[in-house]
Amino acid sequence: YYWEKRLNRDDKYSKVKATIQSIYHEHKGRYGYRRITKELKKFGFSHNPKTINRLMNEMGVKCLVRMKKYRSYKGLVGRIAPHILQRDFQAEKMNQKWVTDVTEFHLFGEKRYLSPIL
């Protein structure tokens with residue numbers, strides 16, 4: 001009998017869930033449970049962050065983690081090629097001077113390399 005009453009009662013977090021949904025979509029899925037908890041306090045809701053986390057998991061709302069910004073500079077690593085051209089890129093004929101550089105990108109957990117040729 002106790003369980004029947006419990007199953008049939010209204011969801012006490014229905015207003016909070018609706019507010020979480022609106023905050024989440026307003027910020028394009030970038031807010032996690034901590035930031036949403038702070039935003040909910042502005043709306044007058046004071047719940048434990050663990051409760052908000054549980055509600056978000058039940059709703060299937062998950063924070064989208066931003067990709068880390070690529071930083072290529074690592075100091076003096078590896079062998080430096082001799083500076084033969086001395087930044088004089090003017091050539092008298094075609095295919096006389098070729099210059100390239102290799103750049104490594106980390107994208108979606110994979111490494112990609114770019115080597116433009118001038």
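Glu 104 has Tyr 113 in S2 as its bridge partner, and Leu 107 is bridged to Glu 110 of S2. These pairs belong to the antiparallel pairing of strand S1 (residues 103-107) with strand S2 (residues 110-114), which are joined by five bridges. Strands count as paired if DSSP finds at least two bridges between them; helices (H or I, at least four residues) and strands (E, at least two) are DSSP runs numbered from the N terminus. The hairpin of S1 and S2 has two residues between the strands, and Phe 108 takes a positive phi there, near 55 degrees.

The model is predicted, so that local features need pLDDT of at least 70 and side-chain atom pairs count only at pLDDT 80 or more, whereas totals for chains, interfaces and linings use all residues. Residues are numbered from 1 along each chain as its sequence is written, and side-chain values use heavy atoms, with hydrogens and water left out.

The loop between H4 and S1 contains Gln 96. Gln 96 is partly exposed, with a relative accessible area of 42%; buried means under 20% relative accessible area, exposed over 50%, and partly exposed in between (1.4 Å probe, protein chains only). A polar atom of the Gln 96 side chain lies 3.3 Å from the backbone nitrogen of Lys 93. Such a polar contact is a pair of N or O atoms within 3.5 Å; within protein, one must be able to donate a hydrogen and the other to accept it, and residues adjacent in sequence count only if both atoms are side-chain atoms. Between Gln 96 and Ser 22 there are 74 residues in sequence and 62 Å in space, C-alpha to C-alpha.

The helices come next. Helix H2 (residues 14-26) has 13 residues, which at 1.5 Å a residue should span 18 Å, and this agrees with the 18 Å between its end C-alpha atoms. The expected span is 1.5 Å times one less than the number of residues. Val 16, Thr 19, Ile 20, Ile 23 and Tyr 24 are the buried residues of H2. They lie on the same side of H2, because they cover an arc of only 135 degrees around the axis; the arc is that of the directions from the helix axis to the C-beta atoms. An α-helix has 3.6 residues a turn, so residues three or four places apart point the same way. Lys 15, His 25 and Glu 26 are exposed on the other side of H2. The cover over the buried residues of H2 includes H3 and helix H4 (49-59), where contact means heavy atoms within 4.5 Å. After H2 comes Lys 28, with a positive phi near 55 degrees.

Helix H3 (residues 33-42) includes Glu 39. The buried residues in H3 are Ile 36, Thr 37, Glu 39 and Leu 40. Seen down the axis of H3, these residues fall within an arc of 165 degrees, so they line one face of the helix. Arg 34, Lys 38, Lys 41 and Lys 42 are exposed on the face turned away from the buried side of H3. The buried residues of H3 pack against H2 and H4. Just after H3, Gly 44 has a positive phi of about 95 degrees.

A polar atom of its side chain lies 2.5 Å from the backbone oxygen of Tyr 33. Leaving aside residues up to four places away in sequence, Thr 37 touches His 47, Pro 49 and Ile 52. Glu 39 is also buried, with a relative accessible area of 16%. With that sequence limit of four places, Glu 39 touches Ile 23, His 27 and Tyr 31.

The largest nonpolar core has 12 residues in all, among them Val 16, Ile 36, Leu 40, Ile 52 and Val 61. H2, H3 and H4 are the elements that give two or more residues to this core, and H2 gives the most, with four residues. A nonpolar core is a set of buried Ala, Val, Leu, Ile, Met, Phe, Trp, Tyr and Cys residues joined through side-chain atoms within 4.5 Å. Beyond four places in sequence, Leu 40 touches Val 16, Thr 19, Ile 20, Ile 23, Phe 45 and Ile 52.
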